[in-house]
Amino acid sequence: MTAAATTVGAGSAGLRRQQLFGFVYLALAAIIAVAFGAATEPGATSSFELNAPRVAVQLPPLVVPSAPTAYALAGLCAFLGAVQLTRGFGARNAVVLGAVVLLFIAGFLVWAASTRSMNLVGVLQGTLQRATPITFAALAGVLCERAGVVNIAIEGMLLTGAFVAAVAASATGSPWIGIIAAVVVGALLAALLAVLSIRYRVDQIIAGTVINIFAIGMTSFLSARVLQRRPELNNPDRLGPIQIPLLSDIPVVGPIVFNNNVFVYAMFVLVVLIHVALFKTRWGLRVRAVGEHPKAADTVGIDVLRTRYQNVILGGMLAGVGGAFLVLGSTGRFDREMTAGRGFIGLAAMIFGGWAPVGSFFASLVFGFADSLQARLSILNVPIPSELLLMVPYVVTILVVAGLVGRARAPAADGRPYEKE
Amino acid sequence: MAAVPERPTRPGLTRQAVTFGRGLLLPALAILTALILGALVIVLSDPDLVTLFGVDPVAALGASWDLVAAAYGALIAGSIGNPGDLVGALAAGDLDAFVAALDPISVTLQRSTPLIFAGLSVALAFRSGLFNIGAEGQLYLGALFAVFVGFSFPGLPFFIHIPLAVAAGFLGGALWGFIPGFLKARTGAHEVIVTIMLNYVAYRLIDLALKTDVFQRPGREDPISKEVVESAALPPLIPGLAAGVHWGLVIALIAAAVVSWLLFRSTKGFEFRAVGLNPQAARYAGIDTGRTVILAMAVCGGLAGLAGTSEVLGSNRRLVSGLSPGYGFDAIALALLGRSRPLGVVAAALLFGALRAGATPMQAATGIPIDLVVVVQALVIMFIAAPALVRGLYRIRAGRTTGTEVFSKGWGT
């Protein structure tokens, strides 16, 4: 229905959309010039540190004059806007949009770092760290939704995974057992979701909401009742960063990519692995068939319900790992409602990333960057309310879901229960 | 209960009574089962009791019984009080004692008030085929608008000031509901993700607003708004019980009646339900589904906004960042429990209000955290949403199937 409507109106809508984007680019150029360029003190410079602490090769900081740089960025952005308005970029629209966003962020950074020194490597390290739980959540979402099950319970799975990881790792003294426990409990919650939505055909969003509310209630209850009386159960060993020899000595890139804890490396591997499995193997073809057209899949002998069970439970395990990261790879303790919507942001990353693992990973990086930048700016005392920056990931998510930034297509049978005839 | 137009002939009175009783059986069993599981959670979360089970099972069973009885006893005492006290005070003709004995019920009704508004919001959305998980954020926006009007115009007569503040609260919530409605109608963005995200944006917005000179109370460093002036405050309903139920309850009951009329008696409500049941058919029948979705979400947001309004004008008289203990999420359970009917929502809100009211004394008396109530609520929704679970547990034959009036449609377009 909606598809037909878009096809009919595609010609004129396409034109209006192109012009709209042109105006948006021009407006962003104006913001860069006025809010970032003109707002800096005349003659001030912006300095960006490029060294992580304790690295072998020291690089000089990147120092640029604030106002002229901002004006140059604004000019570039305005040029792209003008071209967009008059000619358009056709197939390269997405690239240009990405470039404009980067120009805007660069302008913002120049303003924020004006008369200060900002550690760019620190921001990017933080980006990867903060993108990790979101990526795990997004991968969980990809596995479930490619098989046709909407899983909004990822938030609850992350939270429960975090709680169980904290308790199990503290009780046994081994973070690895914490991770295993989180994987098991993620799988259990996923199995509950699967039984409710596949066997009892409860609406998948209601089933997910039930699990989320249950997870919030249960973890808050247990942390108030057990962890407050027995604080030694909330004091796990963390998994520290592992430096990869040689690779971690590469300037800038090394400390960001090759000096992380095991969760981040596992994330890299899983993103590639699941991407290849979904799009290059027989298993992946079957999963996608179940998500797109379960009846056809059934006809050719694929067990639809079994595939869905498997994928939902696999997704739950990944969400459990993401939860374990929040405690064992990051804060080192469980706090009530510590996920703060990361499961939902993961779903947004999945949508932004076009229901594909690699795309979801890059989308997660965008959210991670916003989060990391926000933390860095509040340390630097940049005169911008931290609440405003904290809103950014959520607002970006809304823009993504609304299709204002990119447009993706969900698996056709996503969210629909399958009933064998 | 308002008659539903989709049923052409009225069955006999006894048949109606039987159907009504059947309709109550499942929710009653769902609540009972949730409470039993809640008791299990209480026992299993006590490390000492669990170890005792290994040593002396009989004593452990006795101790478990005592603990659960103490917890649920405190829950009941905190929510409906002691009927003996009421009767005794009435017999003695002691008005003060009677009013004092009413206190727990008054607190229950006070806690039910925002729940009724929020539950109506989610129920109206369900009926329109929409999933409003954003009642929490809408509640905060309503509270923000209402508290602003509430502290801003001292000197207005109360019959102007109160309606003005209430209208502002509705408007604030409606604005927060309009956004997901508009995005859904124009871009196909699924309202579930958008409303969840708007919840988080609303939290930050409240934190931000409470730091500005406009809202923050002068001389305070913590996030707390200025005091709502007397002329905008909703007065207590029971004279002598200043802290309990207030006129917000009356507004909530009026809202329930209005929603009932809107849904089942008005043309707009017919369009809401038509779009909710089958958007394609509604479109062929000439209903502008996009506009209906936007309007429905805005009204839902407004209703949730009133929940925040009644809290800041009645119970709290100020806005703080932790104003709601999750009323917006309780509302989802309420709407399901009340089968998305206004009267059902009111009944469910009374029950959940009692749980909320009794939870605080329960925590004080037995140290069992308030969050137990959230666990019980989650279980209630699960059993309501999957009636087959309860039927299987108690071996009840499947009656006439009544759906939850909801169907998910996947993300995106």
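This is a predicted model: local features need pLDDT of at least 70, side-chain atom pairs count only at pLDDT 80 or more; totals for chains, interfaces and linings use all residues.
Buried here means under 20% relative accessible area, with over 50% being exposed and anything in between partly exposed (1.4 Å probe, protein chains only). Residues are numbered from 1 along each chain as its sequence is written, chains are lettered from A and ligands numbered from 1 in the order in which they are written, and side-chain values use heavy atoms, leaving out hydrogens and water.

**Where the chains meet**

- Chain B puts 53 residues into the contact and chain A puts in 52, where contact means heavy atoms within 4.5 Å.
- About 4,600 Å² is buried between chain B and chain A, and carbon and sulfur atoms give 77% of that; buried area is the accessible area (1.4 Å probe) that two parts lose on being put together, summed over both.
- The rule picks out 3 salt bridges across the interface of chain B and chain A, each being a side-chain nitrogen of Lys or Arg within 4 Å of a carboxyl oxygen of Asp or Glu.
- B:Asp371 and A:Arg336 form a salt bridge, with their closest N and O atoms 2.9 Å apart.

**Aromatic pairs**

- Searching the whole structure turns up 18 aromatic pairs over all chains; rings of Phe, Tyr and Trp (its six-membered ring) pair if their centres lie within 6.5 Å, and planes under 30 degrees apart count as stacked, over 60 as edge-to-face and the rest as tilted.
- One of the pairs is A:Phe108 with A:Trp111, which is tilted, at 5.7 Å centre to centre and 45° between the planes.
- A:Phe108 and A:Trp111 are about one helical turn apart because they sit 3 residues apart in helix H4 (residues 93-112) of chain A; helices (H or I, at least four residues) are DSSP runs, numbered from the N terminus.
- A:Phe108 counts as buried at 11% relative accessibility, and A:Trp111 is buried too, at 17%.
- A:Tyr394 and B:Tyr200 form a stacked pair, 4.8 Å centre to centre with 10° between the planes.
- That pair crosses between chains, running from A:Tyr394 in helix H16 (residues 386-401) of chain A to B:Tyr200 in helix H9 (residues 191-209) of chain B.
- A:Tyr394 is buried, with a relative accessible area of 6%.
- Back in chain A, A:Phe36, A:Phe104, A:Phe108 and A:Trp111 form one aromatic cluster.

**Two domains in chain A**

- Chain A is assigned domain 1 (12-115) and domain 2 (122-404), with bounds that come from an automatic or database domain assignment.
- Their centres, taken over C-alpha atoms, are 31 Å apart.
- On the domain 1 side 12 residues are in contact with 14 residues of domain 2.
- About 960 Å² is buried between domain 1 and domain 2 of chain A, with carbon and sulfur atoms giving 78%.

**A buried serine in chain B**

- B:Ser324 lies in the loop between helix H13 (289-315) and helix H14 (327-337) of chain B.
- B:Ser324 counts as buried, at 10% relative accessibility.
- Leaving aside neighbours within four places in sequence, B:Ser324 is in contact with B:Glu136, B:Leu139 and B:Tyr140.
- From B:Ser324 to B:Gly308 is 16 residues in sequence and 7.9 Å in space, C-alpha to C-alpha.

Methods:
Helices (H or I, at least four residues) and strands (E, at least two) are DSSP runs, numbered from the N terminus.
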